[in-house]
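New notebook page. I want to get my bearings in this protein before going further.

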Amino acid sequence: MANSDVIKAKASFDALQSMTDTVRAFSDLVDVIPRDDSLSSLLRILSERLEGDLLSLRRELPGLWAQIPDSDS
């Protein structure tokens, strides 16, 4: 993997980490909203969907990173 490819992979890894932190913060916020709040159900559904989508993304990215061609050979 060329140095520029490592930099691109690192940038996408950093973005994934940032998104993980954001989803985690949103989930923590949803946990403190009372269940009888009118928007509680909607926010819980959104939180669960975001967590599921993030998990799928985390599973897919390593395979995509592995496909970056090794330009040193």
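Below are my entries, from the whole chain down to single residues.

**Ground rules.** I'm working with a predicted model, where local features need pLDDT of at least 70, side-chain atom pairs count only at pLDDT 80 or more, and totals for chains, interfaces and linings use all residues. Residues are numbered from 1 along each chain as its sequence is written, and side-chain values use heavy atoms, with hydrogens and water left out.

**Whole protein.** I found two helices and zero strands; these are DSSP runs numbered from the N terminus, H or I of at least four residues for helices and E of at least two for strands. Of the 73 residues, 19% are buried, meaning under 20% relative accessible area, with exposed over 50% and partly exposed in between (1.4 Å probe, protein chains only). I also looked at contacts, which are heavy atoms within 4.5 Å. Among those with a separation of 6 or more, 69% join residues 24 or more positions apart.

**Helix H2.** H2 covers residues 40-66. Its 27 residues reach 40 Å from first C-alpha to last, close to the 39 Å expected at 1.5 Å a residue (the expected span is 1.5 Å times one less than the number of residues). I noted a kink of about 25° at Glu60, shortly before Pro62; the bend is the angle between axes fitted to the seven residues ending there and the seven starting there. Which residues of H2 are buried? I get Ser40, Arg44, Ser47, Leu54 and Leu61.

**Arg44.** This buried residue has no salt bridge, which would take a side-chain nitrogen of Lys or Arg within 4 Å of a carboxyl oxygen of Asp or Glu. The nearest side chain of opposite charge is Asp31, 4.1 Å away. (Lys and Arg count as positive, Asp and Glu as negative; His and chain ends are not counted.) A polar atom of the Arg44 side chain does lie 3.0 Å from the backbone oxygen of Ile33. Beyond four places in sequence, Arg44 is in contact with Val30, Asp31, Ile33 and Arg35.

**Ser47.** Why does Ser47 count as buried? Because its relative accessibility is 6%. Leaving out residues up to four places away in sequence, Ser47 touches Phe26, Ser27 and Val30.

**Leu55.** Also in H2, Leu55 is partly exposed at 44% relative accessible area. Leu55 and Thr20 sit 35 residues apart in sequence and 9.2 Å apart in space, C-alpha to C-alpha.

Terms used: Polar contact = N/O pair within 3.5 Å; in protein donor to acceptor, adjacent residues only side chain to side chain.
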